[in-house]
Amino acid sequence: MSTARSLQPGDLWWCLGAVALALAPHAGRLPLAFGLGFIASAGWRMLGAYGRLPLPDRQHPALWWLLQAIALASFALIYWRYQGQVGRDAGVALLSALAGLKLLELRNNRDYYVVCVLTYFLVVTNFFFSQEIPTALYLLLVTVLTTAALVRVNAPPAMGALRCARLGLFMVLESMPLMVVCFLLFPRLPGPLWGIAADSSSGVTGLSDEMTIGRIAHLGTSDEVAFRVVFSDKAPPARDLYWRGPVLWHTDGRRWQAGDIARRAPPSPVVRGRRVNYEVLLEAHGSRWLPALETIVYTDGKSRPGRARDLMATEQVKRRLRYHAQSALDYSLTELSADDRAAALALPVRAHPRTRELGQRWRTQGLAPRAIVQAALANFAAAPFTYTLTPQLLPNDPIDGFLFETKEGFCEHFAASFVVLMRAAGIPARIVTGYQGGEYNTISEYFMVRQSDAHAWAEVYLDGDGWVRVDPTAAVAPERVSLGFNGANGGEGALGGIGRDNAVAGAWLNLRQLWDSAAYHWSRHVLGYSAERQRGLLEALGMSDVTPARLVLWLVGVMTVLLGLLTLILLRGAGRVVLSPAVRLYGRFCARLARIGLPRAAHEGPVEYAERVAAARGDLASEVRAIAQRFALLRYGDAPDGLSDLRSRVRAFRPRRAPRQ
Amino acid sequence: MDLLDRRRVYIVPTRAGLMMFGVVGLILIGATNYDNALAYILCFLLLGLMHSAMLRTWRNLKGLGLEVADAEPVHVGNPARFELQLTDPDARERYAFTLRRLLPGKRYWWWRPRFEGEAGVETVPAAGLRVDLSVPTARRGWLTLDRLEIASSFPLGVFRTWGYFRCSARCLIYPAAVGQRPLPGVGESSADDTGTAGPGVDDFAGLRGYVAGDSLRSVHWRASARSDLLLVKKMQGGGRGELVLRWQDTGGVGDTEARIAQLAQWVLQADRAGLRYGLELPALQIAPEQGPLQRERLLRALALMPA
């Protein structure tokens, strides 16, 4: 278009800065060569813009061919690196390479537009990796900057950088009402259109479906949120906050897995007492298990309980998931088939000889199952067992090595050796992995469970009682388990017991809770805004029978009203009149005179008005004349200075009403 | 003054704007597939940005006014310089326009309009702005500015808005002054003149007031300094006799336009020589006279002579 001015080297900084900032979060996700390549490309372009280096254009065919070669090499690298997969990571790599190469080819306004539009697209690619508040704010800033870059190339050079940036910001702010309406009302199509590429949830952490020693030690150091829970009424006591994950039945001596038995139909519990209803907002973890309190009786998600009543989703949790669940805290689960018993007693042949011997000894001593459980726990408590997140390696038999030699480990070691002991003593037992406790957020009233709350414990089958939870770690490190198996501890738990007396720590905790509260609402209401939430919102607004067609009607209706309003505001001419400082000062002067009963008539010029005032009020005559004359000179004459004189005179001009005679 | 009211300001997305719409669509598809809330949000933010850009682009142009004065006559081939006065009754901040003259002629919707002359405007201050627009000239006669396109794609370049000012301002285009033949009659008339004793061409005959078109060389600077007026030396050229430039003298020069060009050249030559000269056209006769007014009168007659 001929309306655009030609490209200046100074404009390039804007466009380049926007692309670089949009790509910056990808730097850690892409191969190092891409980051370096982008920096080299940007540097080359800027040096070229100021004439320090030749650019790969038609005047330099050799460089042009070099650029083509680099492009081919980049695409080959992407193909090789991602094995030809068409997915999120490969797409981002490709777009980054294109952006870097396009910079070198940026010659005219059209190329500049291409880069800016590409930058908007690059902003979106970041959302497929992270949607947290800091990411969103950062990318909003990048969006403003990209808009400012577009303003820059369209604005006359005389318009300063700050004003371009400000206009970009205003325009982004102006677009927010439309954004909100569309976000709320745009019909959401269910499900993916073509399926989600396999790599789109890589890098998520969480419990896996199996357990090998050392896995939870790694998790223990991670502060990431695993899930958040809101109880619809009173939260159960902290000692019951055992969030069950995968239940492991089968072991080969070192590795524990769910085993075949886990897939069988669940037994029905006998439920007594109250049930708790809660809503879980689970972060993506890539597996199928869903955390639930024992024992789950109802859930609304696409899930079903396994043989150990551990909740399994029908598909992998690849994105943040929200579900309601109901659990019965007081229950008994007495059903035990022959297969269950066999699976819960199985031990690999020839593994753990010393542990087996100990278990069998308790059994031959004729101890009742309950007494055996107590004996095992007493054994942990009495012997110098240490709870540590960095235990020694156990290269030989991990259970025997832990129980009789190193005697240090964390919940997995305790749970696994306890279960082996029980099985050796003839008591059916299984390992439960999951999370224990959670931090209560007093601001938004929910529990936040972090990856560092990951835990492992055991369940044993006792005749008469059915399956009973036993947490052997609590025997050693009750502080690790906020409220342990013996349950003597009351009141204070992990729920914010961190140095309440310390004011700084308290403030820090508050701040952290506030921040997490914001993060929670963000993920629940913004990121988790789905077709169901949309329906709920519209029904709350009094719209029944929400269909996509009706949604579109609503969207069109609300947008028409909103856009009409925006248009009116933006096109209102009078609101945007730019007055020169002299006119503003003169306006103040007139207002002061009007206040003492001498308003300026619409037809009066400054000198004429001053004369009338002078005639009416002789005491003001000289000052009024001086101001009017200075204003007239500034406004209509060609005297560029004198503004400060006018300003000081107007400021000092405080006329009073004439005293009544 | 012609004011662009809202009915006369048009707007369409540019190529960059269409590209933006394409990207918004792509983001929407991606957001739906991955059910990504922030992708939805950015998609709708960009949509809002397009709306804001559309309004701001349109508002940038709407309400501008234009005044154009007639331009000084020029010879064919030289650009006609129009002085445009852009005014902004709304006193709004306005940036980055281009002004072009729309070539007259029948237009069809599929035919891209053609333009000539272009002037850039960075900003229009509240007090108005003077812009010079040079329009190329190809034919003698009246050149009416007619329609002047003003366009802008500020602030984002994703929409282009334009409108047409109707301008009645015109410029008289004199014929080109070209020809091979020498000024006729000079030889014999000057031969006659040598006999009669009288003052020569350069003889000073008094002072008169400056008239537009007078050569700077003829200004009497010293006398002007003493008076309030710019004074020009009046030359006594009457003794040279009178010269009438006749249409029939140009016979054999070529077609009508070539003959007119030859006459125009003679007019300039005669004027430069300070002669008293007149013109005789098939339908028009102008009595011999001297000075810049006479030159313009004759050139005007030649410019407007029917082809």
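Which residues of α7(A) are buried? Here are some notes to get you going.

1. Before the answer, some housekeeping. This is a predicted model, in which local features need pLDDT of at least 70 and side-chain atom pairs count only at pLDDT 80 or more, while totals for chains, interfaces and linings use all residues. Residues are numbered from 1 along each chain as its sequence is written, and chains are lettered from A and ligands numbered from 1 in the order in which they are written.

2. Back to the question: A:Cys164, A:Leu167, A:Gly168, A:Met171 and A:Val172 are the buried ones in α7(A). Buried here means 20 or more other C-beta atoms within 10 Å of the residue's own, exposed means 12 or fewer, and partly exposed is in between, with C-beta atoms placed from the backbone. Seen down the axis of α7(A), the buried residues fall within an arc of 135°, so they line one face of the helix; the arc is that of the directions from the helix axis to the C-beta atoms. An α-helix has 3.6 residues a turn, so residues three or four places apart point the same way. On the other side of α7(A), A:Leu162 and A:Leu173 are exposed.

3. What covers that buried face? The cover includes α6 (133–154) of chain A and also α2 (37–61) of chain B.

4. The length of α7(A) checks out too: at 1.5 Å a residue, its 14 residues (161–174) should span 20 Å, and the end C-alpha atoms are 20 Å apart, which agrees. The expected span is 1.5 Å times one less than the number of residues.

5. Now the chain pair. In all, 52 residues of chain B are in contact with 54 residues of chain A, where contact means C-beta atoms, placed from the backbone, within 7 Å. On the chain B side, α1 (15–34), α2, β6 (95–102), β7 (115–123) and β9 (141–152) each supply at least two residues. The largest share, 18 residues, comes from α2(B).

6. Chain A has 22 helices and 17 strands, and chain B has six helices and 15 strands. Both kinds of element are DSSP runs numbered from the N terminus: helices are H or I with at least four residues, strands are E with at least two. Of the 661 residues of chain A, 36% count as buried; for the 307 residues of chain B the figure is 37%.

7. Chain A is divided into domain 1 (9–174), domain 2 (211–347 + 427–476), domain 3 (504–571) and domain 4 (581–652), with bounds from an automatic or database domain assignment. Taken over C-alpha atoms, the centres of domain 3 and domain 4 of chain A are 53 Å apart.

Methods. Contact = placed C-beta atoms within 7 Å.
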